[in-house]
Amino acid sequence: MTGADVAPEVPVHGMPGGVLGGLGPAATVHFLRRVVELTDASRDQDHVDLLVWQTGSTPDRSGFLRGDNESPEPALVAAAQALERAGATFVAIPCNTAIVWVEQMRAAVGIEVLDTVDETVAAAREAVPGLTRLGLLATDGTLSTGTYAAAAERAGIELVVPDPDVQRETMSVIYDGVKAGNPVPRDRFDALVEHLRGRGAEAVALGCTELSVLRGELGVEDPTVVDSLDAVAVATIRRAGGRLRP
């Protein structure tokens, strides 16, 4: 056997995680940045190993739920299967609306598929001990499917959602702002959060990863504004064998 026949030894502290990305692309890039920032690492080798499948071509999740385009389910299932074939030992999804199809993805693979919604509700409970009312900023699609309502009910928490006018503003911030690459002023973001606080929310979950991107761009540091992308980033680090930054 020649040296060319022998695979190089790669030091790893865990098995590679899979990232089903592109939902949207900017959210995935921000997610990967947060995985790096939240990992306790002093050298490259301390970071977790990840396989990233960036599928921006996946049909729009909220669009399908509104009846505007074809179903994203085949593309989501195919992406999860591709990650499994590539060697991923679990799948993280930096998208909230895609969790509508989490059971279909789980049925199609033999590896764990993380539930972004459940991870976010758990992070909110950790951020606010004794949490009873959780506000939610999310797409129309995510709200209509009830994934957060079900997760909150399982945790014994009441879910607080925006009034219709404020929900339209939330969609504008997501689609006309972040997804379109247009700047969103800090006061527009703060107004959404304060609306939910005015309705009794003790914490506010950013249930759309575009809002996670915006939170990062605006430098929002309020620990009671719970970032779904950070929640799944933390879960990814743990499952991939990494250490969280203190």
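Strand β1 (residues 17–21) and strand β3 (residues 90–92) run parallel and are joined by two bridges. Strands (E, at least two residues) and helices (H or I, at least four) are DSSP runs numbered from the N terminus. The model is predicted: local features need pLDDT of at least 70 and side-chain atom pairs count only at pLDDT 80 or more, while totals for chains, interfaces and linings use all residues. Residues are numbered from 1 along each chain as its sequence is written, and side-chain values use heavy atoms, with hydrogens and water left out.

Val-19 stands opposite Ala-92 in β3. Helix α1 packs on the sheet and touches β1, β2 and β3 (contact means heavy atoms within 4.5 Å); its direction makes about 170° with that of β2. Angles run from 0 to 180 degrees between N-to-C directions, with axes fitted to C-alpha atoms, for helices over the stretch in contact. Helix α3 (residues 73–86) lies across β1, β2 and β3 and runs at about 155° to β1.

The open sheet has four strands in the order β2-β1-β3-β4, with parallel pairing; two strands pair if DSSP finds at least two bridges between them. Strands β2 (50–54) and β4 (112–113) form the edges, each pairing on one side only.

The largest pocket has a volume of about 510 Å³. A pocket is an open set of points on a 1 Å grid over the protein atoms alone, where a 1.4 Å probe fits, with protein on both sides within 12 Å along at least five of seven lines; lining residues have an atom within 4 Å of a point. Grid points are joined across faces, edges and corners, and the volume is the space filled by probe spheres set on them. Ala-123, Glu-126, Asp-230, Ala-231 and Val-234 are the closest to the pocket centre of the 22 lining residues. At least two lining residues come from each of α1 (25–38), α5 (116–127), β8 (225–227) and α11 (228–239).
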